[in-house]
Amino acid sequence: MNLTPASAPASELVRLLRPYFPWIALSTVTGIGAGIATVALLATINQVLHRPGGLAGGLLLTFIGLCVVALVGRATSDMSNNVVGQRLVAQVRKSLALKILAAPIDALERYRMHRLMPVLTQDVDMISDVAFMLASTMIALAVSLGCLGYLAWLSPPLFGLLLGALLVGITVQSLAHARGISGFFKAREQEEALHKAYRGISEGAKELRMHRARRAKVYEQQVAHTVERIHDINRRAINIFVLASSFGSALFFLLIALILGWAAFRDTAPVVLSGFVLVLLFLKGPLDQVVAALPHLGRAKVAFERIGDLSARFATPEPHLDLHAPPATPVLHDAIELRGARYAFPAVEGAEPFVLGPVDLRIGRREIVFVVGDNGSGKTTLIKLLLGLYAPVDGELLLDGKAVTPQTRDDYRQLFTTVFSDFYLFEDLVAGEEGGHQALPETALPYLQRLEIAHKVSVKSGAFSTTDLSTGQRKRLALVHAYLEGRPVLVFDEWAADQDPAFRHLFYTELLPELRAKGHSLVVISHDDRYFHVADRIVHMKAGRIAQATEAPAPSLAA
Ligand SMILES: Nc1ncnc2c1ncn2[C@@H]1O[C@H](COP(=O)(O)OP(=O)(O)OP(=O)(O)O)[C@@H](O)[C@H]1O
């Protein structure tokens, strides 16, 4: 599914709904059937009111038949519409998840979490809610149209009056709708600010406990202020709809007065007059229902545009990132290499854009390479290029001398196990790939013991028993993942930064050499100059360039 930018939600909706046209047709036909039967019921009741025999004989059968058609038609229409609505929501949810899974990492990094979450939750829920009420609204619309048809047949001049009133009502509703929707758009923009504030108060909870002034500022200026703005904007927008709806009701009663006045001056048959007023009074119910649905439809429109916007931003997925590709087990025979590779972040206002490269870097088999340098010198960016997470804007990435192409990039990435400094720890161990048969308690135990967390964590049903651990312990658990996956190249971004001195020592002096001895290549971002001697080679980064690549120094006495 490909949602296009915000400009064309209506055509987008049509495209999304296309697979469900048979269901929509069924819903429409049965809805209209129910509408016609309801109107015919009203006509029958009107006839009975003016007939000496009352509801007897053929009229009784007609009445029962129409009741059955109205009820069955309504239920069928409701259910088929519900099928469409729920399928639509499921499709949007899956499609958004797939888009996020296939989006280039730099596009995701730019989109930001506080913008992503309201779309994935609030906007999709809004569509779900509207899908739920769409069925009854459609039936109300069908009944309204049926009633109008009947009224036109019953008395064309009275229908002329009704038409005039309807035109005024529709004009007022349209104006209100336009104003209301622009309000909903403004409110939705504020929702993103609110989400950002919510992230601040949940993720920054500790910091806020420690700083009263900031706590008050975050609450007053970010949470309360934004909530109040959303409240004001939504209240005004909904009030516009309410006022328009009240105006419609007033217009309705004015119309009935006009009709009664007209009937007093013109000779109108009682059966026509009573039928007209009866149906008109009945019509108010479904019409009110349609009008009440307008704000919800307005909000759904806003939600659709947001989903469309997100979709458009991720409209260029990484090519050949197939979810169902067979497991790849790439092998490193000789080396991975960056040759003349360059990467540039998009410029941010007020800051110089960071450019990495051009860089040449070669990581051989069974080699330990340390990447070192000042904060912000480009170590992590270099690693992301090496991992194929960022695509170089110039130069190339090679595996055993062969260029990694968009077609082979995802397979290439399966060479690596990474522990980034902002790593995410998945609790479960993935079966079906390299670690499938290994996700057993007895396989994991030696690694958990080696990393001194066996007393805290075990493997149960293919998942770690807990991840509620200290930061350093969680990093050790991430390393267990790396052991279990057994991939050829391991990449650690400041892994040892959270470890105690004894374990840090163990990591550099025992674990890394052991892993190399087992055949792994290791790329380690490190600031621990006491252990630089462990590396086979040290790559110094400076302002986005490799300043020098040196052989490892001799071990210092302190180490
Ligand atoms: N997502 C991003 N968008 C824009 N610029 C970025 C982004 N990530 C990093 N940068 C820029 O790239 C530069 C290098 O960042 P990088 O994370 O590679 O540095 P580093 O050497 O790993 O630093 P540290 O030692 O602090 O982890 C930074 O100065 C930053 O301005």
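Helix α10 lies across strands β1 and β2, running at about 120° to β1 (axes are lines fitted to C-alpha atoms, for helices over the stretch in contact, with angles from 0 to 180 degrees between N-to-C directions; contact means C-beta atoms, placed from the backbone, within 7 Å; helices, H or I of at least four residues, and strands, E of at least two, are DSSP runs numbered from the N terminus). This is a predicted model, where local features need pLDDT of at least 70 and side-chain atom pairs count only at pLDDT 80 or more, while totals for chains, interfaces and linings use all residues. Residues are numbered from 1 along each chain as its sequence is written.

As for the strands, four of them form an open antiparallel sheet, ordered β2-β1-β4-β5 (strands pair if DSSP finds at least two bridges between them). β2 (355–364) and β5 (402–403) sit at the edges, each pairing on one side only. Five bridges tie β1 (residues 335–344) to β4 (residues 394–399), and Arg342 stands opposite Asp394 in β4.

Helix α10 (residues 379–386) turns up again around the ligand, giving three residues, the largest share of the shell. Among the surrounding residues are Glu109, Phe345, Lys379, Thr380 and Met541 (each with its C-beta atom, placed from the backbone, within 6 Å of the ligand).

Then there's the largest nonpolar core, with 64 residues; Phe370, Val371, Leu386, Val480 and Val523 have the most contacts inside it (a core is a set of buried Ala, Val, Leu, Ile, Met, Phe, Trp, Tyr and Cys residues joined through C-beta atoms within 7 Å; buried means 20 or more other C-beta atoms within 10 Å of a residue's own). Helix α13 (residues 471–485) supplies the largest share of this core, seven residues.

Note on methods. Buried ≥ 20, exposed ≤ 12 C-beta atoms within 10 Å, placed from the backbone. Contact = placed C-beta atoms within 7 Å.
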